[in-house]
Amino acid sequence: MKIVGVIPARYQSSRFPGKPLVDLNGVPMIIRVANIVEKCLGKDNTYVATDDNRIKEVVEFHGFKAIMTSSDCLTGTDRVYDFSKQIKADIYVNVQGDEPLLNHKDIQKIINTKKINMKSVINGMCSLTSDENPHNVNIPKVVTNKFNDLLYMSRLAVPGIKNFKNNVQPDYKKQVCIYAFSQEELQAYGSQKEKSVFEGFEDIEILRFFDLNIPIKMVETSGSSLAVDILEDVAKVEAVLINIEGKLRV
């Protein structure tokens, strides 16, 4: 069974242009994520899918493989679909390029779950930390049933609370952007030429699978995730990295 890790990366992010190349304690973010994927799948099976030569050059300079994809991709998953038309595999692991603190063991956990659930899309989740506000719209919140099947994902604080008693609130879960797809799932997704209705409102790409009637199983991860969504997140992530690595930058 061939399994590849794909990191979709575009330069022209509306909220943070050039985000994949932002320096995090001396290392470009896209390279930090590639290093994590390599620990799980090896360098030969680690790819960056991009539409930008600046990203391609940095990736190749650090010894990783970059595959050029269309500049018209609607989402990162659309970019992985575009990639899948060039590189054939049984399982495509999509690791978002703005997750530089992921635990590589979580990627393996996603893969293991996919192997026994080939008819479901697999995605990661973990509990919000005490420092994270469930009302932060930059954090997609996850609602599952007791079998960890995804019921909905929203930028609002879900589940809602009708009667707030004794200051008890739900164990809010957030999305961790590691996905596993089959080629057939990617083809069904990428063949859509526009976002689905709720995907468009929420700006959460995985919601498109609901309209394709493809089930989504969520996997609890280690909780190491801290994404760089906006420029203000860089300092938070760097603080964690400096605590782990010390100050690398000269």
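**Local geometry and packing in a predicted model**

At 70% relative accessibility, Asn213 counts as exposed, because the threshold for exposure is over 50%. The structure described here is a predicted model. Asn213 is located in the loop that runs between α7 (208-211) and β11 (216-220). Its backbone is also of note, since most residues other than glycine have a negative phi. For Asn213, a residue other than glycine, phi is positive, with a value near 60°.

A positive phi is also found at Asn25, where the angle is about 55° although the residue is not a glycine. Asn25 belongs to the loop between β2 (23-24) and β3 (27-28). With a relative accessibility of 0%, Asn25 counts as buried, whereas Asn213 counts as exposed.

Strands β8 (residues 141-144) and β9 (residues 150-154) are paired in the antiparallel sense through 4 bridges. Within this pairing, Val143 has Tyr152 of β9 as its bridge partner. The two strands, β8 and β9, form a hairpin with 5 residues between them, and the turn contains Asn148, whose phi is positive at about 65°.

The loop between β7 (121-127) and β8 contains Ile139. This residue has a relative accessibility of 11% and therefore counts as buried, the limit being under 20%. Apart from neighbours within four places in sequence, Ile139 contacts Leu128, Glu132, Asn133, Ser154, Arg155 and Lys174.

A cis peptide bond, with omega of about 0°, links Val158 to Pro159. Pro159 is placed in the loop between β9 and β10 (173-181).

Helix packing was examined for α3 (residues 76-84) and α5 (residues 183-190), whose axes come within 9 Å and cross at roughly 120°. This angle makes α3 oblique to α5. The crossing of α3 past α5 is left-handed. On the α3 side, the contact is made by Thr77, Asp78, Val80, Tyr81 and Ser84, and on the α5 side by Gln183, Leu186, Gln187, Tyr189 and Gly190. Classified by residue type, the contact of α3 with α5 comprises 4 nonpolar, 5 polar and 1 charged residues.

Ser84, which lies in helix α3, counts as buried at 0% relative accessibility. When residues up to four places away in sequence are not counted, Ser84 touches Tyr92, Gln183 and Leu186. Of these, Gln183 and Leu186 are among the α5 residues that make the contact with α3.

Note on methods
Residues are numbered from 1 along each chain as its sequence is written. This is a predicted model: local features need pLDDT of at least 70, side-chain atom pairs count only at pLDDT 80 or more; totals for chains, interfaces and linings use all residues. Side-chain values use heavy atoms; hydrogens and water are left out. Axes are lines fitted to C-alpha atoms, for helices over the stretch in contact, and angles run from 0 to 180 degrees between N-to-C directions. Angles under 35 degrees count as roughly parallel, over 145 as roughly antiparallel, 65 to 115 as roughly perpendicular and the rest as oblique. A crossing is left-handed if the near helix is turned anticlockwise from the far one by less than a right angle, and right-handed if clockwise. Contact means heavy atoms within 4.5 Å. Ala, Val, Leu, Ile, Met, Phe, Trp, Tyr, Cys and Pro count as nonpolar, Asp, Glu, Lys and Arg as charged, and the others, Gly among them, as polar. Buried means under 20% relative accessible area, exposed over 50%, partly exposed in between (1.4 Å probe, protein chains only). Two strands pair if DSSP finds at least two bridges between them.
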